[in-house]
Amino acid sequence: MKTINDFNFKDKQALIRVDFNVPLDKNFQVTDATRIQSAKPTIIKILENGGSCVLMSHLGRPKGIQDEFSLRHIVSSVEDIIGVEVKVANDCIGDEVEELASSLEPGEILLLENLRFHDEEKAGDKAFAEKLSKLGDIYVNDAFGTAHRAHASTTVVAEFFPENKCFGNLLAQEIESIDKVLKTGEKPVLAVLGGAKVSSKITIIENILDKVDHLIIGGGMTFTFIKAQGGSIGDSICEDDKMKLALEILKQAEAKNVKIHLPVDVLAANAFSNDAETQVVDVTMIPDGWQGLDAGPKSKANFHDVVMQCKTILWNGPLGVFEMETFAKGTIELGNSIAEATKNGAFSLVGGGDSVAAVKQFGFENKVSYVSTGGGAMLESLEGKTLPGIAAILE
Ligand code: AMP
């Protein structure tokens with residue numbers, strides 16, 4: 001796996017695919033600069049090495065050229081975070097941009113305009129990728145958030161740098177973290193899968209049954225498993241058409257010697273509302289008119305014991321409806337357990353979909369080993385897929 005540490009950037013120009021797809025408020029101010037901060041180590045390393053950087057990214061989902069999606073809006077944030085003046089191009093391809101790029105001196109940065117102002121970016125157009133390739137000597141992919149897309153700047157452009165392509169620090173870290181869980185993780189390995197639906201996690205479950213020793217299944221997914229086993233789940237969320245599959249998963253897990261841990265009790269509510277009446281009930285005896293919206297106390301204690309036994313932990317998906325305070329406690333307690341296990345030496349990776357939002361909301365970011373920056377890319381990695389953006393560098 002080639003990274004920026006394998007290249008000497010002195011007097012070389014790096015063409016870096018970053019993920020600067022940051023949220024903006026109505027005054028075009030960046031409201032969460034995590035993605036810019038995450039790209040900083042790669043950019044600084046190349047500049048300190050005597051190179052220059054051409055940064056390319058998309059922002060939002062523009063339809064053609066739309067000023068509201070211009071990367072100009074984020075220039076001052078990039079300058080503040082990187083601490084270097086940033087030159088700005090009006091486009092991402094063309095003569096003018098090529099001229100600007102070739103006039104860059106070592107230590108300088110050029111930010112290209114939104115790649116998705118051209119439909120060719122998402123289409124993975126080869127001619128467009130070739131034009132991009134003219135802007136640098138070494139292609140660096142540091143955008144994990146788009147690594148699952150076979151777009152021109154994330155995948156196709158790599159073809160034009162057969163020898164001179166590598167991963168940036170961020171993407172390398174993401175790959176290493178996933179490998180630490182799925183390939184080289186110290187045993188016992190635990191995956192915690194929560195969230196709403198079995199259907200959206202099924203491929204992940206099937207893939208990780210070969211990799212883990214323990215699997216905690218929580219959140220809304222619980223009830224499909226419980227009903228399939230003959231329990232009464234009241235009005236809890238359930239995918240009836242996935243019940244057969246749930247039983248099949250339990251059988252497969254047994255055959256593979258994977259211990260599955262489901263909630264044994266839940267905090268049930270008489271409405272899907274933060275102010276609903278609540279009661280703790282056995283997960284197999286939820287009365288009609290009530291729905292399980294969070295893990296109950298016995299479940300939380302069981303999950304804590306499992307987490308504390310494990311040396312490698314993957315966490316994807318909340319254990320309850322964490323957006324409502326009344327039903328957030330199961331997710332918070334699980335986060336506390338994982339933080340404690342991490343302090344004791346376990347490796348913990350959080351990622352995919354809503355998990356990162358939950359981890360940030362409850363302040364666990366710095367208490368776990370690694371928080372992934374890519375929602376969809378992380379989910380696809382956990383499904384066992386090779387992401388096109390990663391494959392393009394490895395080829
Ligand atoms: P996912 O994107 O699949 O990880 O699902 C996350 C969503 O699952 C969050 O919005 C949670 O509110 C929701 N969720 C978790 N537990 C439950 C539950 N018991 N009932 C309904 N929704 C749930």
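1. Terms first. A residue is called buried under 20% relative accessible area, exposed over 50%, and partly exposed in between (1.4 Å probe, protein chains only). The areas come from the Shrake-Rupley method, and for residues only the protein chains shown count as cover. With these cut-offs, E333 is partly exposed because its relative accessible area is 38%.

2. Basis of the model. This is a predicted model, in which local features need pLDDT of at least 70, side-chain atom pairs count only at pLDDT 80 or more, and totals for chains, interfaces and linings use all residues. Residues are numbered from 1 along each chain as its sequence is written, and side-chain values use heavy atoms, with hydrogens and water left out.

3. Overall fold. The protein has 14 helices and 17 strands. Its radius of gyration is 23 Å, close to the 21 Å that the globule rule gives for 395 residues, so the protein is as compact as a globular protein of that length. The radius is taken over C-alpha atoms, and the rule is 2.2 Å times the number of residues to the power 0.38. Helices (H or I, at least four residues) and strands (E, at least two) are DSSP runs, numbered from the N terminus. Along the principal axes, the C-alpha atoms fill a box of roughly 70 × 45 × 40 Å. Of the 395 residues, 56% count as buried.

4. Salt bridges. How many salt bridges does the structure hold? There are 13 salt bridges. The criterion is a side-chain nitrogen of Lys or Arg within 4 Å of a carboxyl oxygen of Asp or Glu.

5. The bridge between helices. E333 and K300 form a salt bridge, with their closest N and O atoms 3.5 Å apart. This pair links distant parts of the chain: E333 sits in helix α11 (residues 329–343), K300 in helix α10 (residues 297–309), and they are 33 residues apart. K300 is buried, because its relative accessible area is 18%. E333, at 38%, is partly exposed.

6. Two further bridges. K183 pairs with D179 at 3.6 Å, N to O. K183 is exposed, with a relative accessible area of 67%. D179 is partly exposed, at 26%. D241 and K242 also meet through their side chains, at 3.2 Å, N to O. D241 counts as exposed, at 61% relative accessibility.

7. Positive patch. Which residues gather in a patch of positive charge on the surface? They are R61, K63, K122 and R149. Patches are made of residues with over 30% relative accessible area and no salt bridge; like charges are joined within 9 Å, and nonpolar side chains (Val, Leu, Ile, Met, Phe, Trp, Tyr) within 5 Å. Lys and Arg count as positive and Asp and Glu as negative, while His and the chain ends are not counted. A charge is placed at NZ of Lys, CZ of Arg, CG of Asp or CD of Glu. R149 lies in the loop between β5 (138–141) and β6 (165–167). R149 counts as partly exposed, at 38% relative accessibility.

8. Backbone points to check. Most residues other than glycine have a negative phi, and most peptide bonds are trans. K187 and P188 are joined by a cis peptide bond, with omega about -5°. P188 is in the loop between α6 (169–182) and β7 (189–193). D11 is not a glycine, yet has a positive phi of about 60°. D11 lies in the segment before β1 (13–17) and is exposed, with a relative accessible area of 55%. F28, also a residue other than glycine, has a positive phi near 65°. F28 is in the loop between β1 and α1 (34–48). At 30% relative accessibility, F28 counts as partly exposed.

9. A buried strand residue. Is I217 buried or exposed? I217 counts as buried, because its relative accessibility is 0%. I217 lies in strand β8 (residues 214–217). The C-alpha atoms of I217 and L262 are separated by 5.3 Å, with the two residues 45 apart along the chain.

10. Two loop residues. L115 is in the loop between β4 (109–111) and α4 (119–123). L115 counts as buried, at 0% relative accessibility. L115 and G351 are 236 residues apart in sequence and 26 Å apart in space, C-alpha to C-alpha. G234 lies in the loop between β9 (232–233) and α9 (243–255). G234 counts as partly exposed, at 25% relative accessibility. G234 and G94 are 140 residues apart in sequence and 61 Å apart in space, C-alpha to C-alpha.

Methods:
Accessible areas come from the Shrake-Rupley method with a 1.4 Å probe; for residues, only the protein chains shown count as cover.
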